[in-house]
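Have the sequence and the 3D view open while you read.

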Amino acid sequence: MARVASNPLSLPRFRPYFQASDSTHLFKSPSLSQNRTRKFQAIACQTNPIPTDKEKVPAELDSVKDSISEATTSSDGGGFSEFPNKNLNRRVAVGSTLAAVGLFLSSRLDLGVSLKDLSAAAVPYEEALSNGKPTVVEFYADWCEVCRELAPDIYKVEQQYRDRVNFVMLNVDNTKWEQELDEFGVEGIPHFAFLDKEGNEEGNVVGRLPRKYFLENVDALARGEASVPHAREVGQYSSAESRRVHQVVDPRSHV
């Protein structure tokens, strides 16, 4: 019985691939295998991946929209408008400013009382000396700042006593009153001369002084007092010498 001999030319057997893999696994470092396992687990367990730049933009826009929506809702619930009306605010500011300016001017200028208003209502000098009433003579000029400043106060006193006292206005720029300027010794304006009903001077007040000085003197004239409480008072005034530059020849005018 013949014995079958092994074939020396037969191909060698190859080990299965899974066996090679297993043999390779045997030579790996435990630490390397553990690290790779942890990395795989970290990726597998990450439920909220970090968004990219393109993904961040829509999320931020959604957040801004939600904030605006909440602000609008709270604004509506509180009774305030979302955006203030700029035109309305501007109108309110302008109206308040105009009201404040109007109040200031009305208190300082008494609704625009001027020297021309006082001179237009003044009694002529010749008439004042002959009607049997006491008289207040004011020497003034249109360029006199103190005269213009005191005009509202003078107007108020005139309105109170005009039925009992004559109020005369003499413009120092009018050469017609040169004699009166010398007679009353006018060196500064405004110059107020207080005359009794016979035309005799009881005293004078010159320049810017408290309103009560003028008021108390006029009241004394109206009551027929023999003298006025402020007979010689001088405050800040404009020099009458400036009239030489502004002189006007108008003998027909009493101012």
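The model has an open sheet of 5 strands, ordered S2-S1-S4-S5-S6, with mixed pairing (a pair needs at least two DSSP bridges between the strands; strands are DSSP E runs of at least two residues, helices H or I runs of at least four, numbered from the N terminus). S2 (166-171) and S6 (232-234) sit at the edges with a single partner strand each, so one side of each has no neighbour in the sheet. On average, neighbouring strands are turned by 15° against each other, direction ignored (axes are lines fitted to C-alpha atoms, for helices over the stretch in contact; angles run from 0 to 180 degrees between N-to-C directions).

This is a predicted model, where local features need pLDDT of at least 70 and side-chain atom pairs pLDDT 80 or more, while totals for chains, interfaces and linings use all residues. Residues are numbered from 1 along each chain as its sequence is written, and side-chain values use heavy atoms, without hydrogens and water.

S1 (135-140) runs parallel to S2, joined by 6 bridges, and Tyr-140 stands opposite Asn-171 in S2.

| Helix | Strands touched | Direction |
|---|---|---|
| H7 (145-161) | S1, S2, S4 | about 155° with S2 |

The axes of H7 and H9 come within 10 Å and cross at roughly 20°. That makes the two helices H7 and H9 roughly parallel (angles under 35 degrees). Among the residues that meet are Ile-154 and Val-157 in H7, and Phe-214 and Leu-215 in H9.

Notes:
Contact means heavy atoms within 4.5 Å. Angles under 35 degrees count as roughly parallel, over 145 as roughly antiparallel, 65 to 115 as roughly perpendicular and the rest as oblique.
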